[in-house]
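My notes follow the structure.

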Amino acid sequence: MDDIRIGIVGHGFMGHEHEKMLTKMDGIRVVGISDIDQKQLEDVQEGIKRYASNDELMHDPEVDVVLIAANNNQHYDLVVQAAKAGKDIICEKPVAMTTEELDGMLAVTKECGVKFTVHHQRRLDPDFRTMKAVFDQGSLGKVYSIKSGLYGFNGNMHDWHVYKKEGGGMLYDWGVHLLDQILWMMPGAKIKSVYADLRNVINFEVDDYFKILMRFDNDIMAEVELGTYYLTDKMHDKWFERHWMIGGNQGSAYVDGFEPEGKIVRTTHLLQNVSGQRTMTAAGPTRSFGPPAEGTIVTEPLPTVPTCHEDYFENYKKAYRGEEEFLVKVEETRRVLALMEAVRESARTGQSVAFE
């Protein structure tokens with residue numbers, strides 16, 4: 001079976017990551033790479049073409065698929081250019097800056113008859129897939145709360161991510177992933193309302209903190225929080241803190257880290273409400289927040305979910321040949337973009353926004 005021949009547009013961080021991964025995979029061949037800054041091409045691997053322009057890549061008959069890894073504000077023009085050149089397309093997230101831009105992309109790719117999908121590889125993060133497995137198993141009973149948090153220590157972003165006109169900021173950078181994970185965890189649930197706080201804590205132009213609350217029609221409240229300036233002295237060899245919590249009426253589950261460490265936690269029995277009887281603790285007269293009696297709290301291991309980012313392209317190879325569906329459907333990414341627009345509206349007005 002012939003290799004899928006890919007040309008990569010953009011050789012920044014993600015362009016390099018794609019080059020490293022794809023050149024090691026069977027069934028895919030990286031034909032060449034372009035970048036508007038020719039210095040970015042100096043370390044392209046031997047045997048891979050270095051194009052003088054994006055247009056040269058788009059019109060190379062050896063290229064079947066264009067993988068767009070350029071700045072966010074360039075995605076629209078590059079998708080349209082690739083589609084009109086008859087190339088199939090994988091676009092980095094966020095696929096577009098707005099839903100209006102994406103609608104234009106969809107119209108052109110449909111008219112040109114090319115395949116079009118988006119690189120949302122964090123649907124394959126081990127921490128997310130572990131918590132999705134917990135949710136799908138239903139072992140926590142009726143879930144009422146899902147929390148997803150990511151906290152960095154440095155604060156400042158890099159390169160073009162600090163500029164609004166380039167599509168910078170954390171909502172576009174990481175928010176698109178975190179929101180996509182929540183929506184993909186509960187694909188059949190509709191969002192009734194969105195409330196969000198979006199801030200520039202130490203960056204001048206773009207957001208570096210957000211908290212997003214989403215109330216779903218299945219009565220679940222989902223919370224996503226990210227901050228690049230949450231300082232800690234517990235860094236060791238990590239540059240982040242990653243946390244998940246799911247609460248249900250038959251137990252809870254938590255995960256720390258991208259390589260998931262955590263447990264399912266239950267109680268052997270509930271505290272009884274005894275009228276007129278109080279328990280004194282260091283926290284004051286309380287029973288719910290006092291130390292539990294020995295044997296009250298029991299734990300279970302989290303499910304093991306084998307997953308890695310290479311699986312995105314394993315799926316792509318099969319879907320490209322019509323053997324299965326693409327992992328990421330562009331219509332799903334449109335819902336994420338619409339949600340991000342609601343987030344910005346809520347943050348601007350300080351009001352909850354009705355959604356779906």
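I started at Ile68, with the model being a predicted one, and found Cys91 of E5 opposite Ile68. I then looked up the strands on either side: E4 covers residues 65-68 and E5 residues 88-92, and four bridges join the two in parallel.

Next I traced the whole sheet. I read six strands in the order E3-E2-E1-E4-E5-E6, forming an open sheet with parallel pairing. Strand E3 (49-50) and strand E6 (116-119) are at the edges; each has a single partner strand, so one side of each lacks a neighbour in the sheet. Helix H3, residues 75-84, packs on the sheet and touches E1 (4-9), E4, E5 and E6. I noted an angle of about 170° between the direction of H3 and that of E5.

I checked the record for this stretch. In an unreviewed entry, UniProt places "domain: Gfo/Idh/MocA-like oxidoreductase N-terminal" at residues 4-120. Over residues 4-120 I have 33% helix and 24% strand, with the end C-alpha atoms 19 Å apart.

How many cavities of 30 Å³ or more does a search of the whole structure find? The search finds one, and the volume of the largest cavity is about 40 Å³. I listed its lining as Lys93, Pro94, Val95, Val118, His120, Val176, Thr333, Val336 and Leu337. Helix H8 (residues 330-349) gives the most to this lining, three residues. By class I noted six nonpolar, two polar and one charged residues in the lining.

Terms used
Residues numbered from 1 in each chain as written. Predicted model: local features only at pLDDT ≥ 70, side-chain atom pairs only at ≥ 80, totals over all residues. Heavy atoms only, no water. Pairing = 2+ DSSP bridges. Contact = heavy atoms within 4.5 Å. Axes fitted to C-alpha atoms, helices over the stretch in contact; angles between N-to-C directions. UniProt positions renumbered as here; feature names shortened; annotations may be inferred. 1 Å grid on protein atoms, 1.4 Å probe; cavity = no way out; pocket = protein on both sides within 12 Å on 5 of 7 lines; lining within 4 Å. Points joined across faces, edges and corners; volume = space filled by probe spheres on them. Nonpolar A, V, L, I, M, F, W, Y, C, P; charged D, E, K, R; others polar.
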